[in-house]
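Here is a protein to look at together.

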Amino acid sequence: MSAAVNTHREVANRGLLVVSVMLATLMQALDTTIANVALPNMQGTLSATQDQISWVLTSYIVAAAIATPATGWLASVMGRRRLLLIAIAGFTFASVLCGMATSIGAMVAFRLLQGLFGAALVPLSQSTLLDVYPREKHGAAMALWGMGVMVGPILGPPLGGWLTDSYSWHWVFLINVPIGALALLGVAASLPTDETRASRFDWRGFAFLAIGIGALQLFLDRGEQQDWFGSVEIQVEAALAFLGFYLYAVHWKFSARPFLDLGLFADRNFLASNLFIFVLGVVLFATMALLPPFLQGLMNYPVVTTGLLLAPRGIGTLIAMMLVGRLLARGADARVLAGIGMLLTAYSLWTMTRFNLDVPQSTIVATGVVQGLGLGLVFVPISTIAYSTLPMAARTEAAGIFSLMRNIGSSVGISIVMTLLSRNTQLNHAEIAARLTPYGDNAAQLAATLGHGAANLAALNGEVTRQASAIAFLDDFWLMMVMTLVSIPLLLLLKPVRSAAGPAVVADH
């Protein structure tokens, strides 16, 4: 569909379309984290083992990762409007099934279904907003879209904790019903029908890519549980991931119409933006995976309090996105804004490396707000630059790749920090314990503690473990800070986006 088709209808219904698309995006983004805090309750109700209940998260992640690259092809064959309506309706229906599940097998199956339908929501909503807004307003459009994508995962844990505590775990899924219904009605009323084109589906390419992505996600999600390469399962998944990606690269090289066009990465802006969104996925999701166990497990905060302490991060992100959208519309250099955002993110992580087990709540909140500001300042400019030099026809396919890179970044980040957390806790425990000798500065205190029996000895060991774990958390924060700083030079790869007065905007009209 050309840019001029249905322009007046799109503009007339733009407000409704934006709200509807944001609801769909928020619904999908929430479900990436909202179920995490409800897992212990689900485990008891569904009579599942620890390994079985982990598949509630793994099945959703793997299904969404495999289905995301297919969004571009499905949109071209079915039409973006029809695909978006099917995705919203399917995701909502799958959410109802998850909320009604009575066995672990059914729950995993319904989460797979939820992931398959939800995969298209984020890339479709992004490409839709880019098309209905003129180029000079792409920054504002990405700010609106980013509110759902970035704030959803942040609000997921506190909202999930509150729903589980106040009602039951079923409501972490059933809450999608009113959101999905509103999004479905809004999209049906505001998004015009677009043209479709017949296109042969590249089954071989899809199979290679699905094997690579699926195996990689399983490798990252289950590696820590299975002791990484000490497990045959992990060895097989690593081999399949490498083989799948290698075979797809060869297939793409010699195929006339491949399933996913890797040639998009020849665009410098798109390549650099994908590297940035990968890093952003690592930092955002790894931080969200670390802070709840730090606050609950080491500082003994209840779930609801933890959620309230983490919520201001979302407020910081909202403020940054509202600000950056206006700045981009006025001609601000997106690279400068992204650079400031990276520095703010790095500063917040540096502050977190100085946390201790008595850190004030005000410091936790302030650090979260700064990090939210930084992430918001990075996400919107990068999302805008990513498509600035791509043809309009490639946007939906490119948006699928962009979302996939963010998801893989989140999986890689969570996998790395959790592995390091476990191993560094053990190393730190051994190091601290080695210093607790009758000949050190703390000899008198140690002798007094050991002199009161086995119970106090166990308490001492527990405190050593607690301190060792705290140090391991700080090591993870330090690693993410270094990763953030090291990625800043990638900004030099980005080409500046021309202003509203430039020929690029004229070409869009």
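Q: What makes Asn 300 count as buried, partly exposed or exposed?
A: This is a predicted model, so the value is computed from predicted atoms. Asn 300 has a relative accessible area of 60%. Exposed means over 50%, so Asn 300 is exposed.

Q: Where is Asn 300 placed?
A: Asn 300 sits in the loop between helix 14 (268–298) and helix 15 (303–329).

Q: What is there to remark on in the phi of Asn 300?
A: Phi of Asn 300 is near 65 degrees, a positive value in a residue other than glycine. Most residues other than glycine have a negative phi.

Q: How many helices and strands does the protein have?
A: There are 21 helices and 0 strands. As for burial, 52% of the 509 residues count as buried. And take the contacts between residues at least 6 apart in sequence: 83% of them join residues at least 24 apart.

Q: How do you know whether helix 6 is roughly parallel or antiparallel to helix 7?
A: Look at the angle. The axes of helix 6 (residues 80–100) and helix 7 (residues 104–118) cross at roughly 165 degrees and come within 8 Å. Over 145 degrees counts as roughly antiparallel, so helix 6 is roughly antiparallel to helix 7. Helix 6 passes helix 7 in a left-handed crossing.

Q: Which residues make the contact of helix 6 with helix 7?
A: Helix 6 brings Ile 86, Ala 87, Gly 90, Phe 91, Ala 94, Ser 95, Leu 97 and Cys 98. From helix 7 come Met 107, Phe 110, Arg 111, Leu 113, Gln 114, Phe 117 and Gly 118. Sorted by kind, the residues of this contact are 10 nonpolar, 4 polar and 1 charged.

Q: At what angle do helix 6 and helix 8 cross?
A: The axes of helix 6 and helix 8 (residues 121–132) cross at roughly 140 degrees and come within 10 Å. The crossing of helix 6 and helix 8 is left-handed. Arg 80, Leu 83, Leu 84, Ala 87, Ile 88 and Phe 91 of helix 6 touch the helix 8 side, made up of Leu 121, Leu 124, Ser 127, Thr 128 and Asp 131. The tally for the contact of helix 6 with helix 8 is 7 nonpolar, 2 polar and 2 charged.

Q: What makes helix 14 roughly parallel or antiparallel to helix 16?
A: The axes of helix 14 and helix 16 (residues 334–352) cross at roughly 30 degrees and come within 13 Å. Angles under 35 degrees count as roughly parallel, so helix 14 is roughly parallel to helix 16. Helix 14 passes helix 16 in a left-handed crossing. Phe 276, Val 283, Thr 287 and Leu 291 of helix 14 make the contact with Met 342, Thr 345, Leu 349 and Met 352 of helix 16. That contact divides into 6 nonpolar, 2 polar and no charged residues.

Q: Why is the pair of Arg 222 and Glu 233 called a salt bridge?
A: Side chains of opposite charge can pair when their charged atoms come close. The closest N and O atoms of Arg 222 and Glu 233 are 2.6 Å apart. The limit is 4 Å, so this pair is a salt bridge. Arg 222 is in helix 12 (residues 203–222) and Glu 233 in helix 13 (residues 232–254), 11 residues apart.

Q: Is Arg 222 buried or exposed?
A: Arg 222 has a relative accessible area of 4%. Buried means under 20%, so Arg 222 is buried.

Q: How many salt bridges does the structure hold?
A: The structure holds 2 salt bridges. One joins Arg 335 and Asp 333, at 3.0 Å from N to O. Arg 335 is partly exposed at 26%, and Asp 333 is partly exposed at 30%.

Q: What makes Val 365 count as partly exposed?
A: Val 365, in helix 17 (residues 361–385), has a relative accessibility of 27%.

Q: Which residues is Val 365 in contact with, leaving aside its neighbours within four places in sequence?
A: Val 365 is in contact with Leu 309 and Pro 312, those neighbours left aside. Val 365 and Leu 309 are 56 residues apart along the chain, yet their C-alpha atoms are separated by 5.8 Å.

Definitions and conventions. Residues numbered from 1 in each chain as written. Predicted model: local features only at pLDDT ≥ 70, side-chain atom pairs only at ≥ 80, totals over all residues. Heavy atoms only, no water. Axes fitted to C-alpha atoms, helices over the stretch in contact; angles between N-to-C directions. Helix = DSSP H or I, 4+ residues; strand = E, 2+ residues; numbered from the N terminus. Parallel < 35°, antiparallel > 145°, perpendicular 65-115°, else oblique. Left-handed = near helix turned anticlockwise from the far one by under 90°. Contact = heavy atoms within 4.5 Å. Nonpolar A, V, L, I, M, F, W, Y, C, P; charged D, E, K, R; others polar. Salt bridge = Lys/Arg side-chain N within 4 Å of Asp/Glu carboxyl O. Buried < 20%, exposed > 50% of the residue type's maximum accessible area, 1.4 Å probe, protein only.
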